[in-house]
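Good morning, and thank you for coming.

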Amino acid sequence: MLNTYNYKELSPDALSQLIIRNTDPAHTIQETVDNIIQNVRQKGDAALFDFTERFDKVKLDRLYIEEDDIQLLATSIGRDQQRALEIAFNNIYKFHQNQLRKEKKIDTMQGVTCWREARPIERVGLYVPGGSAVLPSTFLMLGVPARIAGCKEIVVCCPPQTSGLINGYIAYCAYLLKIKRIYLVGGAQAIAAMAYGTATIPKVDKIFGPGNQFVTKAKTIVQATTNTAIDMPAGPSEVLIIADKTSNPIYVAADLLAQAEHGKDSQAILVSDSESLIEQVNQELAKQVEALPRVEIAKAAIAHSYAVLCSDLTQAMSFSNAYAPEHLILALDDWQSIINKIINAGSVFLGHLTPESVGDYASGTNHTLPTSAYAKAYSGVSVDSFIKKITFQHITPIGINQLGPTVEILAELEGLHAHKNAVSVRLRHKPE
Ligand SMILES: NC(=O)c1ccc[n+]([C@@H]2O[C@H](COP(=O)([O-])OP(=O)(O)OC[C@H]3O[C@@H](n4cnc5c(N)ncnc54)[C@H](O)[C@@H]3O)[C@@H](O)[C@H]2O)c1
Ligand SMILES: N[C@H](CO)Cc1c[nH]c[nH+]1
Ligand SMILES: [Zn+2]
């Protein structure tokens, strides 16, 4: 099922072709998204009603639901499902709360004190995907760190159900997160609305959340064209599994399919030093895929996924670092010996009993992660994503005497005399 490449036969060009994903060579997604953004800018709410009818096939009479509806929907789900969402909420909360740390004040010289303090981003927009599958887990992954950071205004957009509402699981997450309004808008139009603001949807300072190629393209466009920031490009899901003769092919195939079922444009890569393991995983894939309800989606994703045969695990890790996967699974007995060779990956899963699904839902780590090789430069969402760190400094009379002459010289060598003077006047005219 997986097309297999031999690492040592790959030219540098072939290697870079292999690791590219989800490009938009004909710019069709770019054009569609540009057009959606322009429409939302010009027509505001009217464009949101239109696009929701066109893409989500829902004719809305209002763009949001509020507390009463949310409460009603939240109570419609089973107690087991509520408990599972509560356990996920608690674990994500515990893991993320530990990320809030106070930094020490540093005296860089006598009388010169510098430090940083965190402040929440005031208005944040959370995008909860809901096209091919509604993802309440993503709501928790974004909402929990936003709450821990202390963001004042949390705007949430999610594509509507055919009923014109949201589903009960999303509503239960809203209840856990104390979110009182959800906008029933998805896709690029939701991102444009949060970046520009409409009569109904407030403009925010930063947009968070994963989504399909339309959502991800819209995020990168608004980041470049407005003063609204984004968390990162978090597009179609990916997994790369490094496996050897100690791996269980049943588990490996199951983990590949778990990401393949997200969307036709998802990618699931197997890298191994064992030809026979690749063969066994292929047999398992063929068996397991047929049992999935989302069999057509998973098959399409597997069709443009592949395996890479390497001579050893060091080579396997080099390939993985070049690919920079959103998720990396080390399905090995001896994962400890290569963990320090990982350079690029969004989130890592170690050993045989750590499926990626646990991180998707409930172990505590965040599942909003960089895709398309952006793991080379971006981290996944965390509490840090929802705060700014502001630097502070204070200089005493001793400090200005110590540091002032250095700054005078540096300002002079840059030819910036007003800069120099701002120090000189303080050295010459000391307060009584
Ligand atoms: N990287 C991550 O951290 C992460 C986490 C969770 C999910 N994901 C990914 O998020 C994605 C979710 O995608 P999804 O489609 O299910 O939901 P989505 O909410 O991202 O997209 C649905 C919206 O896309 C828009 N749309 C659909 N077809 C369109 C078209 N032809 N033209 C313009 N707009 C169109 C519609 O407005 C619809 O509301 C998946 O690819 C999944 O792999 C990534
Ligand atoms: N694997 C996705 C991140 O790429 C997250 C997710 C949500 N629900 C299931 N999985
Ligand atoms: Zn997943």
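**A pair of packed helices**

Helix α3 (residues 45-56) and helix α8 (residues 187-196) pack with their axes 9 Å apart, at an angle of about 160°. This makes α3 roughly antiparallel to α8, a label used for angles over 145 degrees. Axes here are lines fitted to C-alpha atoms, for helices over the stretch in contact, and angles run from 0 to 180 degrees between N-to-C directions. Helices are DSSP runs of H or I with at least four residues, strands are runs of E with at least two, and both are numbered from the N terminus.

This is a predicted model: local features need pLDDT of at least 70, side-chain atom pairs count only at pLDDT 80 or more, and totals for chains, interfaces and linings use all residues. Residues are numbered from 1 along each chain as its sequence is written, while chains are lettered from A and ligands numbered from 1 in the order in which they are written.

Which residues of α3 and α8 meet? Ala 47, Leu 48, Phe 51 and Phe 55 in α3 meet Gly 187, Gln 189 and Ala 193 in α8; contact requires C-beta atoms, placed from the backbone, within 7 Å. By class, this contact has five nonpolar, two polar and no charged residues.

Let us turn to another helix. The buried residues of α4 (residues 67-74) are Ile 70, Leu 73 and Ala 74. Seen down the axis of α4, these residues fall within an arc of 100°, so they line one face of the helix. They pack against β2 (64-66), α7 (168-177) and β7 (181-183). A residue is buried if 20 or more other C-beta atoms lie within 10 Å of its own, and exposed if 12 or fewer.

Next come two loop residues. Most residues other than glycine have a negative phi. His 27, in the loop between α1 (12-19) and α2 (28-43), has a positive phi, near 60°. Is His 27 buried or exposed? His 27 is exposed, with 12 other C-beta atoms within 10 Å. Lys 57, in the loop between α3 and β2, also has phi near 60°, and Lys 57 is exposed, with 9 other C-beta atoms within 10 Å.

Finally, the whole chain. The chain has 16 helices and 15 strands, and 41% of its 432 residues count as buried. The C-alpha atoms fill a box of roughly 85 × 60 × 45 Å along the principal axes.

Notes:
The arc is that of the directions from the helix axis to the C-beta atoms. Two residues are in contact if their C-beta atoms, placed from the backbone, lie within 7 Å. Angles under 35 degrees count as roughly parallel, over 145 as roughly antiparallel, 65 to 115 as roughly perpendicular and the rest as oblique. Ala, Val, Leu, Ile, Met, Phe, Trp, Tyr, Cys and Pro count as nonpolar, Asp, Glu, Lys and Arg as charged, and the others, Gly among them, as polar.
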